[in-house]
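Please consider the structure shown below together with its sequence. The paragraphs that follow lead through it by topic.

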Amino acid sequence: MRAMQNSSRLQHVRYDLRGPVQHAAKKMESEGHSILRMNLGDPAPFGLHAPESIVVDMIHHLREAQGYSDSKGIFSARTAISQYYETKGLMDIGVEDIFIGNGVSELISMTLQAFLEVGDEVLIPSPDYPLWTAATVLCGGSAVHYMCDEENNWWPDMADVEAKITDRTRAIVLINPNNPTGAVYPRHVLEQFADLARRHDLVLFSDEIYEKITFEDQVHIHTASVARDIPVLTFSGLSKAYRMPGYRAGWVAVSGPRWATAAYRESLELLASLRLCPNVPAQHAIQTSLGGYQSITDLIRPGGRLREQRDLACRLLNEIPGVSCVPAAGAMYLFPKLDPEMYPFVDDEQFVLDLLQDQKILVSHGTAFHWHATDHFRFVILPAVDDIREAVRRIATFLASYRAK
Ligand code: PLP
């Protein structure tokens with residue numbers, strides 16, 4: 001018997017966030033070590049739980065959620081989503097324009113599958129949320145990364161975006177608020193994206209899963225609200241702001257002129273029907289989530305837990321010699337820089353593995369986010385302040401011993 005073959009399509013697909021570093025941490029845990037996990041964007045392990053009213057509502061609907069639903073999702077949830085977007089300045093969004101999925105993750109894959117031809121290029125930010133690159137490559141597309149500028153609030157370098165447009169470019173991905181940098185894009189940046197899309201006939205894929213997690217006076221603006229005349233796909237869901245990633249509920253809204261998106265929406269419907277329907281119980285949480293009290297505001301306002309954790313993490317990381325960190329304007333992450341002259345790591349995954357072995361703390365290496373250099377890592381701000389203090393202390397200890405060598 002021959003060993004089972006594996007598809008060559010996966011040859012260039014990477015998702016390092018759940019790769020070798022995670023395996024090493026799990027192995028250490030199985031050997032009895034306790035690891036300080038500053039790596040995954042899951043609120044639940046840090047005591048940031050879903051609002052009780054939403055969980056109760058879902059339990060209430062469990063019996064009627066036994067059967068399959070409409071492939072695009074239940075009507076009440078899609079209505080709630082379309083009404084929500086209408087209040088946010090997206091034009092002419094109807095129930096038929098909303099597709100619910102098992103998290104935004106599934107929809108990223110589905111929407112790209114319905115869209116791309118082999119060889120098509122998609123512009124994706126660097127650093128990125130790596131699923132965007134992986135899903136593009138899996139569809140036979142080519143991920144072309146545009147630079148985000150650390151010196152300028154981590155906003156996209158628009159000259160670089162434009163320079164990377166070719167006659168094979170079909171779409172631009174925006175992640176706003178951004179994972180891993182925490183950047184929140186102002187209106188003029190979004191208008192520049194809209195202008196590029198207009199001039200080069202491109203579609204905008206706007207990943208807004210962190211839309212409700214912004215700090216200080218940052219206001220999140222929906223890309224589709226400043227690009228009403230062109231096709232925009234707006235992604236969001238319950239995983240982050242409502243703290244229920246395990247329930248798997250996300251959605252995408254297709255906006256823009258109906259004639260321009262009609263055939264595409266049919267392809268998306270076909271793909272949605274191939275997977276029958278998204279997880280039904282979680283769909284019942286959507287209407288309550290969007291319509292009820294937005295408890296995330298308690299966490300992000302001054303004095304709120306997430307806000308305090310962000311402030312503390314950023315301040316302490318910046319106190320380590322040779323580490324600099326732009327304060328996150330939104331989302332749940334920091335993306336600090338290690339001065340390459342002080343810390344000339346050639347392999348940042350190895351740096352993260354060594355840090356794990358030495359200090360029992362887990363962060364994510366920057367190149368996992370398609371960052372071009374080995375001089376960044378991602379630090380999650382979800383753990384409580386004591387854990388953040390301890391985590392930064394361990395990183396500082398590791399770096400001090402590296403400098404002393
Ligand atoms: N998009 C971004 C930018 C993310 O950071 C994540 C998860 O961390 C996702 C999408 C996936 O979210 P979901 O849980 O809805 O699949």
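In this predicted model, the loop between strand 6 (169-175) and helix 7 (187-200) contains Pro177. Pro180 lies in that loop between strand 6 and helix 7 as well. What is the form of the peptide bond from Asn176 to Pro177? That bond is cis, with omega near -5°. The bond that leads from Asn179 to Pro180 is also cis, and its omega is near 20°. Most peptide bonds, by contrast, are trans.

Arg248 is not a glycine, yet its phi is positive, near 60°. As a general rule, most residues other than glycine have a negative phi.

Eight of them form an open sheet of 8 strands with mixed pairing, in the order 2-9-8-7-6-3-4-5. At its edges stand strand 2 (98-101) and strand 5 (155-156), each of which pairs on one side only. The partner of strand 2 is strand 9, and the two pair in the antiparallel sense over 4 bridges. Within this pairing, Phe99 has Val252 of strand 9 as its bridge partner.

A second open sheet has 3 strands in the order 11-15-14, and here the pairing is antiparallel. Opposite Ser364 stands Arg378, in strand 15.

Attention now turns to the helices. Helix 1 (residues 20-30) packs against helix 13 (residues 348-359) at an angle of about 10°, and the axes are 10 Å apart. An angle under 35 degrees counts as roughly parallel, so helix 1 is roughly parallel to helix 13. Helix 1 contributes Val21, Ala24 and Ala25 to the contact, while helix 13 contributes Glu349, Val352, Leu353 and Leu356. By class, the residues of this contact comprise 6 nonpolar, no polar and 1 charged.

Helix 13 also meets helix 14 (residues 385-404): their axes come within 10 Å and cross at roughly 110°. Helix 13 and helix 14 are therefore roughly perpendicular to each other. This contact involves Leu355, Asp358 and Gln359 from helix 13, together with Arg394, Ile395, Thr397 and Phe398 from helix 14. Its residues divide into 3 nonpolar, 2 polar and 2 charged.

Which of the 13 residues around the ligand come nearest? They are Gly103, Val104, Ser105, Tyr129 and Ser239. Helix 4 (residues 103-113) gives the most to the shell around the ligand, with 3 residues. The shell is made up of 5 nonpolar, 7 polar and 1 charged residues.

Finally, a record may be set beside the model. An unreviewed UniProt entry carries the annotation "domain: Aminotransferase class I/classII large", which covers residues 59-395. Over residues 59-395 the chain is 39% helix and 17% strand, and the end C-alpha atoms are 42 Å apart.

Conventions. Residues numbered from 1 in each chain as written. Predicted model: local features only at pLDDT ≥ 70, side-chain atom pairs only at ≥ 80, totals over all residues. Pairing = 2+ DSSP bridges. Axes fitted to C-alpha atoms, helices over the stretch in contact; angles between N-to-C directions. Parallel < 35°, antiparallel > 145°, perpendicular 65-115°, else oblique. Contact = placed C-beta atoms within 7 Å. Nonpolar A, V, L, I, M, F, W, Y, C, P; charged D, E, K, R; others polar. Near = placed C-beta within 6 Å. UniProt positions renumbered as here; feature names shortened; annotations may be inferred.
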